[in-house]
Amino acid sequence: MSAARKKTRKPNMGWHRGGCHCGAVAFEVQAPDEVELVDCNCSMCAKTGYLHLIVPKAQFKLMRGEDMLATYMFNTSAAKHMFCNVCGIKSFYVPRSHPDAYSVNFRCLNPEEFKSIMTTEFDGQQWELHAGELSQLEPN
């Protein structure tokens, strides 16, 4: 395959199952087999080891556990951090940077289902200075 053809090839899209540790919350997310994740160092992400995979809401299906989710908000209350009220795992949430999408914790998916995983660091400790960098990571 030529280099030009490789550049224009679209990654395959597929549905992937994910969920919390105890299984009370389960979801499916449609994502390409080549993903770009965001590794943020803000106070929340650094403490939880969250790896962001941002997807449009139409590419996310909550399969079970809506009644098991608790929501935590802080600072501007723009982000809706949802976590399982049984095991405490935050497997997805509505991010401040993309309020019409979900950020899925890639660690709650099976990484073997993906062909390529690229991780980009983001300085969330200085969110206001760097928020514009997140616009390039529009949902797939």
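Among contacts in the chain between residues at least 6 apart in sequence, what percentage join residues at least 24 apart? The figure is 58%, with a contact meaning heavy atoms within 4.5 Å. Aspartate 39 belongs to strand E3 (residues 34-40) and has a relative accessible area of 32%, so it counts as partly exposed.

A word on the ground rules. This is a predicted model, in which local features need pLDDT of at least 70 and side-chain atom pairs count only at pLDDT 80 or more, while totals for chains, interfaces and linings use all residues. Residues are numbered from 1 along each chain as its sequence is written, and side-chain values use heavy atoms, with hydrogens and water left out.

The chain carries 3 helices and 10 strands, taken as DSSP runs numbered from the N terminus (helices: H or I, at least four residues; strands: E, at least two). Read from the N terminus, the order is α-β-β-β-α-β-β-β-β-β-β-β-α. Of its 140 residues, 39% are buried (buried is under 20% relative accessible area, exposed over 50%, partly exposed in between, with a 1.4 Å probe and protein chains only). The accessible surface comes to about 8,200 Å², and carbon and sulfur atoms account for 50% of that; these areas come from the Shrake-Rupley method with a 1.4 Å probe, and for residues only the protein chains shown count as cover.

Now for the rings. Rings of Phe, Tyr and Trp (its six-membered ring) pair if their centres lie within 6.5 Å, with planes under 30 degrees apart called stacked, over 60 edge-to-face and the rest tilted. That rule gives 8 aromatic pairs. One of them joins tyrosine 50 to tyrosine 93, edge-to-face at 5.5 Å centre to centre with 80 degrees between the planes. Tyrosine 50 sits in the loop between helix H2 (43-48) and strand E4 (51-56) and tyrosine 93 in strand E8 (residues 92-94), so the pair ties together parts 43 residues apart in sequence. Both tyrosine 50 and tyrosine 93 are buried. Tyrosine 72 and phenylalanine 74, by contrast, are stacked, at 5.6 Å and 25 degrees. Tyrosine 72 is partly exposed at 40% relative accessibility, and phenylalanine 74 is partly exposed at 33%. Ring pairs also link Phe27, Phe60, Phe92 and Tyr102 into a cluster.

A charge sits over a ring if NZ of Lys or CZ of Arg is within 6 Å of the ring centre and within 35 degrees of the ring normal. Lysine 57 has its charged end over the ring of tyrosine 102, 5.5 Å from the centre, and lysine 90 lies over the face of tyrosine 50 at 4.7 Å from the ring centre.
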